[in-house]
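Hi,

Here is the structure I promised to pass on to you. Have a look at it first, and then read on for what turned up.

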Amino acid sequence: MIKSAFRVVGAVCLCICVYIYSALPVLAMDVSVNSDMSMVSFTVSLDNPDHMQQFAKSTFLPDRFDDLGLADYSSFSTNYNTANCDMYPLSSCPAGGRCETCPFNVKQHRVIACQDPYILSNGTCTCPAKVTLSYANDRCTKYCGSTCIAKSCSPSSNQSGCTNGTQSCDNGCGANTRKCCVACTNKVTSKPANSSYTYSSCYDGTTKQIQTGWKCNSGYHQKDSSCEKDCITNNCSGYSLGSCPENADCSSCTITATNCTTSGTKYKFNSCNSGYTLSGSNCVLKTCEDDGLYSATACYISGGVNYGPLSYWTKANMGL
């Protein structure tokens, strides 16, 4: 009696198990039962062992490494899932991307959005076009990773206080709109012998001393575009007359400066000419009584006597 009851229970359990396993598409099972239920036999076999392995792996094994390191699923092929992950073409989430993984394979990803400044393109996140820093004052204002994608440029301010004036120059942003000082360069680059350069202060961003002229050395003076040796100065001391009196003999002196320029002639009285005598500051004709000499006018004797040269006109010769 008891033996028969166990046989019935065993048969029921067998049926349930057969039903469960028969639901698995990858199992093949043969069952045989005696007519008196005294003996039941069954044979279970794998219809496709490779398919069964993949089914078990995708159903019972986790899709990520467990904390204990016991699920050594990495030794299997990565294409173990039976589900299709064609909509998840990426093997990793790109930089700047927000992704979701395939429900059947966490190694497959797809981008659902991109963080600023990345942009979505062809299913992945990429940076906008690179910006080149071309000019001296260019500054990058936005990066995408290590790539500059936006820039700004502040023009350099104009120069001021320029000694030689200003000229247009590069503003540091690719335009010739800045005012720059004209460079301070020597205005004079040659000079005559016996001279030295003269200098002036000039500002073109920095203060410089530049050659702006020349001057003759000590002992020389300028004449035209050369330097000649100085003259001995002469102020004609002792020569008090501005002109020599008529019928007088005088010495002359030219007033001379160091640079050899002259400023007139002065005279010094020596004597009156022959036949003249000094009267005040003038030389006048002598009279019959002056030093024994006589003039034809003062000592004319009536009758028109010719007494010869004036040097013979004496009182004795004239019978006076």
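Six residues form the largest nonpolar core: Leu90, Val111, Tyr118, Cys125, Cys144 and Ile149. Please keep in mind that this is a predicted model. Leaving aside residues up to four places away in sequence, Tyr118 touches Ala95, Gly96, Cys125, Thr126, Cys127, Cys144 and Gly145.

Now for the chain as a whole. It has two helices and 18 strands, and buried residues account for 21% of its 320 residues. Of the contacts between residues at least 6 apart in sequence, 24% join residues at least 24 apart. The chain exposes about 21,700 Å², with 52% of that supplied by carbon and sulfur atoms.

A search of the whole structure finds 14 disulfides, and here are three of them.

- Cys216 and Cys227 are joined with an S to S distance of 2.0 Å. The link is left-handed, with -90° about the S-S bond.

- Cys231 and Cys260 have their sulfur atoms 1.5 Å apart. Their S-S torsion is about 100°, so this disulfide is right-handed. The pair links distant parts of the chain, 29 residues apart: Cys231 is in the loop between S14 and strand S15 (248-256), and Cys260 is in the loop between S15 and strand S16 (262-272). Cys231 counts as partly exposed because its relative accessibility is 29%, and Cys260, at 25%, also counts as partly exposed.

- Cys272 and Cys283 bring their sulfur atoms to 1.8 Å apart. A torsion of about -90° about the S-S bond means that the disulfide is left-handed. Cys272 lies in strand S16 and Cys283 in strand S18 (residues 282-285), eleven residues apart. Cys272 counts as buried at 17% relative accessibility, and Cys283 is buried with a relative accessible area of 7%.

Last, the aromatic rings. The count of aromatic pairs comes to zero. Two lysines do meet tyrosine rings, though: the charged end of Lys191 sits over the ring of Tyr197, 5.6 Å from its centre, and the charged end of Lys268 sits over the ring of Tyr239, 5.0 Å from its centre.

Enjoy exploring it!

Best wishes

Notes. Residues numbered from 1 in each chain as written. Predicted model: local features only at pLDDT ≥ 70, side-chain atom pairs only at ≥ 80, totals over all residues. Heavy atoms only, no water. Phe/Tyr/Trp six-rings, centres within 6.5 Å; stacked < 30°, edge-to-face > 60°. Lys NZ or Arg CZ within 6 Å of the ring centre and 35° of its normal. Core = buried A, V, L, I, M, F, W, Y, C linked by side-chain atoms within 4.5 Å. Buried < 20%, exposed > 50% of the residue type's maximum accessible area, 1.4 Å probe, protein only. Contact = heavy atoms within 4.5 Å. Helix = DSSP H or I, 4+ residues; strand = E, 2+ residues; numbered from the N terminus. Areas by Shrake-Rupley, 256 points an atom, 1.4 Å probe, with all protein chains shown as cover. Disulfide = S-S within 2.5 Å.
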